[in-house]
Amino acid sequence: METLVIALGGNALLQRGAVLSAENQYKSIALIADAIGKLAKKYRIAVVHGNGPQVGLLALQNLAYRDVPPYPLDILVAESQGMIGYMLAQQLAAFHPAQPVTTLLTRIQVDGNDPAYKEPSKFIGPIYAPEQKQELEQKYGWVMKLDGSHLRRVVPSPEPKRIIDIEAIHLLLSKNHIVICNGGGGIPMVADDNGLVGSEAVIDKDLSCALLAEVLNADHLVVLTDADAIYQNWGTPQQSAIRSATTEELAPMAVADGAMGPKIMAVSRFVNRSGKVAHIGGLKDIDAVLAGTAGTLVTR
């Protein structure tokens, strides 16, 4: 049986602009759960999800109760893995009760000297008006940057280097479980004199997913997002979908822009290192994306 690694973008967990409630997240997850369950009849499946809105919400809730010191980001990432993984597992079980599903808290080693710690770039949490920048930075000590026309908090996003819990992922896949792992990019860990300790960061989910696919020697990597493909001239009257491209052709678009760029970087890395193909496409089109009739096929 072939191995399929699926990366679920933000719209798999929350429709754009919707309130970040448990009910809304369950509704969004239901849109993909049945399709993933059906694919498990043909593939061994590992699912990696994002957590930007959720971990940002946890951070805000974290600050609201001042009698306890705020928890660090690595613990909040672990909390978001449990929360989102639980909801995904519940919906998968609702559609396919006979299919085993396991959510695994996954630790990912990063380099404590990664330049990302000095240049925060990972957007988390809700959007704010641009004029709130100074107020938020002074009040919370956050770093704020523009995400399109809106302001959002940014945190360090170091490169994933090693999946610490990979043996458990291998074991669960061998038993035909759908494995929900590397959630939110994984819990970031750095080496110190006492071994591995948590780090104040949020790892990019797509780069983490590409690393997982590489380590698992996966046959397919599919990144699902709210765009139905990679587009040339996105946001202009001349925009057009790219249905197939090589990593070399996509290289100018593989930039850390907080949008499609990191996804292109991630799939290109997997394709170049593994020699296999990858796909980027819309959530509702997963079957057609895998078949190559929708989305963007990325080759070497």
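Modeller: Helices (H or I, at least four residues) and strands (E, at least two) are DSSP runs, numbered from the N terminus. This is a predicted model: local features need pLDDT of at least 70, side-chain atom pairs count only at pLDDT 80 or more, and totals for chains, interfaces and linings use all residues. Residues are numbered from 1 along each chain as its sequence is written, and side-chain values use heavy atoms, with hydrogens and water left out.

Biologist: In which strand is arginine 153 found?

Modeller: The strand in question spans residues 150-155. Arginine 153 belongs to strand β7.

Biologist: Which side chain of opposite charge is nearest to arginine 153, and how far away is it?

Modeller: Lys and Arg count as positive and Asp and Glu as negative; His and the chain ends are not counted. A salt bridge is a side-chain nitrogen of Lys or Arg within 4 Å of a carboxyl oxygen of Asp or Glu. Arginine 153 is buried (under 20% relative accessible area; exposed is over 50%, partly exposed in between; 1.4 Å probe, protein chains only). It has no salt bridge, and the nearest side chain of opposite charge is glutamate 200, 5.4 Å away.

Biologist: Which residues is arginine 153 in contact with, leaving aside neighbours within four places in sequence?

Modeller: Contact means heavy atoms within 4.5 Å. For arginine 153 the residues are Ala59, Lys122, Phe123, Ile124, Trp142, Val143 and Met144.

Biologist: Which residues line the largest cavity?

Modeller: On a 1 Å grid over the protein atoms alone, a cavity is a set of points where a 1.4 Å probe fits but cannot get out; a pocket is an open set with protein on both sides within 12 Å along at least five of seven lines; lining residues have an atom within 4 Å of a point. Grid points are joined across faces, edges and corners, and a volume is the space filled by probe spheres set on the points. The structure holds one cavity of 30 Å³ or more, and the largest cavity has a volume of about 50 Å³. Its lining is Gly56, Ala59, Leu60, Ile124, Gly125, Pro126, Tyr128, Trp142 and Arg153.

Biologist: Which element supplies the largest share of the lining of the largest cavity?

Modeller: α2 and β5 (122-128) each supply at least two residues. The largest share, four residues, comes from β5.

Biologist: Which element gives the most to the lining of the second largest pocket?

Modeller: That pocket holds about 160 Å³ of space. Arg153 and Glu200 are among its lining residues. Two or more residues come from each of α2 (52-64) and α3 (73-95). With three residues, the top contributor is α2.

Biologist: How many salt bridges does the count come to?

Modeller: One of them joins the side chains of aspartate 147 and arginine 152 at 3.0 Å, N to O. Aspartate 147 is partly exposed, at 25%, while arginine 152 is buried, at 13%. By this rule the count comes to nine.

Biologist: Which residue does lysine 263 meet in a salt bridge?

Modeller: The N to O distance is 3.6 Å. Lysine 263 is in helix α8 (residues 261-274) and its partner is in helix α6 (residues 205-215), 57 residues apart. Both residues are buried. The partner is aspartate 206.

Biologist: How far apart in sequence are the parts that glutamate 214 and arginine 273 tie together?

Modeller: Their side chains meet in a salt bridge of 3.2 Å, N to O. Glutamate 214 is partly exposed at 31%, and arginine 273 is exposed at 52%. Glutamate 214 lies in helix α6 and arginine 273 in helix α8, so the separation is 59 residues.
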